[in-house]
Amino acid sequence: MERNIFDDLYRIGIVPVVALPSPDCAVPLARALKDGLIPCAEITFRTEGAADGIAAVRAAEPDVLVGAGTVLTTAQAESAIAAGAQFIVAPGLNPDVVACAQEHGIPALPGVATPTEIEKAMQLGLNTLKFFPAEQAGGCGYLKALAGPYRQVRFLPTGGINAANIANYLALPSVIACGGSWMVPGALMSAGRYDEITRLCREAVRAALGLRLAHVGISSPSAEAALGGAAALEGLLGLEKIENSASVFSDVAVEWMKGCGRGEYGHIGFHVSNMERAVAWLERRGVEYLPETFKRGENGKYGAVYLRDTVGGFALHLTDD
Ligand code: 3PG
């Protein structure tokens, strides 16, 4: 069970850290997060009624992953678990809270910020930890150095993360997901502005995916025609020709296909920073991809994963190259 929760956290990639103004906000919030394509919440014990909020979400939106946050005591841990919390997060490493979660078979992610704290957590049998407060402790550079000796430990950085810096954290192989409160401000919940929370979530997901145009691929009738197109672009714009077995690239911008592949006219490639998260995002949106193209190569990359739909005669693929 534990592994599935961590797999889900990895595939979602973002954990909204919520301080509910009232337990009544919990279900509309969960729906707003789901609509925003982040079906996950860490409901913190910073406000009264956190346990009631957790229970309400578990009952009304069972496909939203719900954890308890800011769990400082075993009493809070017991109440969170009784309410149905699927994971427990804390700002620091309290062995009693960890033991309580372990007794119930619930994943615990206590907060750490130093090598000594990581080793204490490892002694308790843990290998997935909150890194808190992420930005204030030293950010990505510090986390990279901190994670270096602990190859088996994964981190949930939280604290000071936002749409502008989340992609940098998610690019680190030691990072399972990032936590943050920026998409769930209490004022928006109090004002019933759940549409704005959904918008902030979608913006966060876009930022986390690192989705941007990679190249345009153009179908050519032959290898000669592909080489001719690339030579013409080199002459006109000075873009370097880079030939491989199936195509000729004009720098990274245009790929001249040696023949007609997918798409009547060719394809458009979009870069993503992590293919597993990107494919999970397609699945949440009900967008179909060609499963035979979702294969990890020996270099650890997936290369091109094609969508089933084409647009304007162009196939569409994601790429992590
Ligand atoms: C937490 O409790 O995890 C943090 O307070 C969340 O940090 P943020 O508000 O800076 O996102």
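User: Which side chain has an N or O atom 2.5 Å from an oxygen atom of the ligand?

Analyst: The model is predicted, so local features need pLDDT of at least 70 and side-chain atom pairs count only at pLDDT 80 or more, whereas totals for chains, interfaces and linings use all residues. Residues are numbered from 1 along each chain as its sequence is written, and side-chain values use heavy atoms, with hydrogens and water left out. A polar contact is a pair of N or O atoms within 3.5 Å; within protein, one must be able to donate a hydrogen and the other to accept it, and residues adjacent in sequence count only if both atoms are side-chain atoms. At 2.5 Å from a ligand oxygen, the side-chain N or O atom belongs to Lys-130.

User: How much of the ligand's own accessible area does the protein cover?

Analyst: Accessible areas come from the Shrake-Rupley method with a 1.4 Å probe; for residues, only the protein chains shown count as cover. On its own, the ligand has 320 Å² of accessible area.

User: How many residues of strand E1 are buried?

Analyst: Helices (H or I, at least four residues) and strands (E, at least two) are DSSP runs, numbered from the N terminus. Buried means under 20% relative accessible area, exposed over 50%, and partly exposed in between, with a 1.4 Å probe and protein chains only. From E1, Ile-14, Pro-16 and Val-18 point one way and Val-15 and Val-17 the other, all of them buried. Of the five residues in E1 (14-18), the number buried is five.

User: Is Cys-25 buried or exposed?

Analyst: Cys-25 is in the loop between E1 and helix H2 (26-35). Contact means heavy atoms within 4.5 Å; leaving aside neighbours within four places in sequence, Cys-25 touches Leu-20, Met-189 and Tyr-194. Because its relative accessibility is 10%, Cys-25 counts as buried.

User: Which strands stand at the edges of the seven-strand sheet?

Analyst: The open sheet has mixed pairing and the order E11-E12-E13-E10-E14-E16-E15. Each edge strand has a single partner, so one side of each is left without a neighbour in the sheet. The edge strands are E11 (241-243) and E15 (304-311).

User: What angle does the direction of helix H12 make with that of strand E13?

Analyst: Helix H12 (residues 223-237) packs on the sheet, where H12 touches E11, strand E12 (247-250) and strand E13 (254-257). Axes are lines fitted to C-alpha atoms, for helices over the stretch in contact, and angles run from 0 to 180 degrees between N-to-C directions. The angle between H12 and E13 is about 155 degrees.

Notes: Pairing = 2+ DSSP bridges.
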